[in-house]
Amino acid sequence: MKPQSLLESDPIDDYLTTKPRIPFKIPEEVPSGNYGLVINGYSLAHALEGNLELELLQTACMCKGVICCRMTPLQKAQVVELVKRYKKVVTLAIGDGANDVSMIKAAHIGVGISGQEGMQAMLNSDFAFSQFCYLQRLLLVHGRWSYNRMCKFLSYFFYKNFAFTLVHFWYAFYSGFSAQTVYDTWFITFYNLVYTSLPVLGVSLFDQDVNETWSLRFPELYEPGQHNLYFNKKEFVKCLVHGIYSSLVLFFIPMGTIHNSVRTDGKEISDYQSFSTIVQTSLLCVVTMQIALETTYWTMISHIFTWGSLGFYFCILFFLYSDGLCLMFPNVFQLLGVARNTLDWPQVWLSVVLSMVLCMLPVIGYHFLKPLFWPVRVDKVIDRIHHCMSHPLPPRIRTRLKHAGSRRSAYAFSHKQGFGALITSGKTLKAKFPKKNSFPFKK
């Protein structure tokens with residue numbers, strides 16, 4: 001009797017855990033010539049050995065197409081794992097039966113087809129559809145949209161948190177490194193939870209750069225996802241630099257605004273509570289305008305999420321700083337009347353507008369100059385799409401043709417006799433196959 005550990009072991013997991021990981025990568029090679037590779041499971045068992053798997057992968061990469069036929073479920077997973085180990089690519093596996101589950105689970109992205117072989121492939125996959133022809137739409141439309149949305153989500157998420165956090169770094173030089181926060185405690189609690197969560201959620205769910213028709217017509221739009229152009233280390237550094245610049249503007253512009261300033265009635269506003277209110281208001285306006293610039297497909301939900309979150313901030317601001325809450329809970333709500341006394345000063349709104357302009361000008365300039373000086377192929381395609389959308393072709397004029405008789409011919413179009421008579425004569429019908437032993441040839 002075998003031990004319990006051997007009975008519960010999975011050959012796929014044993015292969016993935018015992019197979020050694022090689023640190024190096026095989027360089028990308030361009031297929032030379034129109035060659036193809038067809039290999040069966042018997043030959044693949046020898047080719048997947050340790051001393052031959054690199055030769056198999058290099059040979060397969062030099063071919064236009066590779067077909068592995070009559071394979072076992074373990075061999076399917078081994079081939080996928082071989083590509084994942086040595087090639088810097090994203091793998092996708094698609095199957096319709098239980099024998100494809102190992103391959104689907106080994107790939108980065110698994111796709112299951114609902115067929116006559118059960119639901120095991122669909123239950124173990126990331127995406128599922130009913131027919132193989134929908135794979136093109138999954139990759140070129142929904143896959144590309146999803147990649148663009150996730151890149152925008154990550155870039156904006158890092159930017160808004162850099163701009164939010166680094167303000168404390170500049171404030172530490174003026175607070176004696178006492179770890180005192182710039183913002184109110186309630187603002188810190190609601191910043192990522194309420195104020196900035198819905199706008200980025202709307203972008204990550206509904207944003208589209210072009211519609212599905214143009215996505216299928218121009219497959220070149222899929223290339224940025226293949227080369228990881230929209231979010232990488234370089235883009236992360238850009239988010240960091242943008243966040244540092246925004247935090248400098250958001251801290252020093254309000255500080256210069258309230259420094260030794262008084263109201264028209266002679267009351268000073270250069271206090272900590274007023275400064276905190278101005279900084280957090282400027283921050284919310286800046287990050288809201290930033291997500292508005294990143295949004296390319298506006299819907300009613302996008303407008304509600306974006307502008308509604310900003311309006312909800314002002315409602316919460318006046319509610320938390322109201323007289324009623326501060327008198328009922330003086331230890332919790334300590335900024336009594338700060339919003340009412342600060343935001344009715346015109347110079348405060350001038351500071352907010354100036355902060356927004358200084359933070360948005362580099363972004364607008366970069367988006368305008370990048371296609372002109374550092375264009376990529378996808379930028380040219382999008383320019384063509386915008387040109388086609390702004391100059392649509394005139395609609396076709398349909399004219400009804402009147403025919404003298406019931407027979408139709410191509411004579412009116414080609415100015416010579418067409419094939420109408422031949423079609424209507426019945427001579428093009430498939431002839432009956434002669435009976436057996438009716439051939440005139442003798443044995």
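Is Trp186 buried, exposed or partly exposed, and at what relative accessibility? In this predicted model, Trp186 counts as partly exposed because its relative accessibility is 27%, a value that lies between the limits of 20% for buried and 50% for exposed.

**Aromatic rings**
- The count of aromatic pairs comes to 33, and among them is the pair of Trp186 and Phe190, whose ring centres are 5.9 Å apart with planes at 45 degrees, so that this pair is tilted.
- Trp186 and Phe190 both belong to helix H9 (residues 185–195), where they are 4 residues apart, about one turn of the helix.
- Ring pairs link a cluster that includes Trp186 and Phe190 together with Phe164, Tyr183, Phe187, Tyr191, Tyr195, Tyr313, Phe314 and Trp349.

**Nonpolar surface patch**
- Phe169, Phe173, Tyr174, Phe177, Leu240, Ile244, Leu248 and Phe252 make up a nonpolar patch on the surface, and together they have about 760 Å² of accessible area.
- Helix H13 (residues 233–258) provides the largest share of this patch, 4 residues, and Ile244, which lies in helix H13, is partly exposed at 31% relative accessibility.
- Phe169, another member of the patch, is partly exposed with a relative accessible area of 44%.

**Gln75 and its surroundings**
- Gln75 sits in helix H5 (residues 73–86) and is buried, its relative accessible area being 10%.
- Leaving aside residues up to four places away in sequence, Gln75 touches Gly41, Leu44, Ala45, Leu48 and Arg70, and its side chain reaches the backbone oxygen of Gly41 at 3.0 Å.
- Gln75 and Met103 are 28 residues apart in sequence, while their C-alpha atoms are 8.5 Å apart in space.

Terms used:
Residues numbered from 1 in each chain as written. Predicted model: local features only at pLDDT ≥ 70, side-chain atom pairs only at ≥ 80, totals over all residues. Heavy atoms only, no water. Patch = residues over 30% accessible without salt bridge, like charges linked within 9 Å, V, L, I, M, F, W, Y side chains within 5 Å. Areas by Shrake-Rupley, 256 points an atom, 1.4 Å probe, with all protein chains shown as cover. Salt bridge = Lys/Arg side-chain N within 4 Å of Asp/Glu carboxyl O. Helix = DSSP H or I, 4+ residues; strand = E, 2+ residues; numbered from the N terminus. Buried < 20%, exposed > 50% of the residue type's maximum accessible area, 1.4 Å probe, protein only. Contact = heavy atoms within 4.5 Å. Polar contact = N/O pair within 3.5 Å; in protein donor to acceptor, adjacent residues only side chain to side chain. Phe/Tyr/Trp six-rings, centres within 6.5 Å; stacked < 30°, edge-to-face > 60°.
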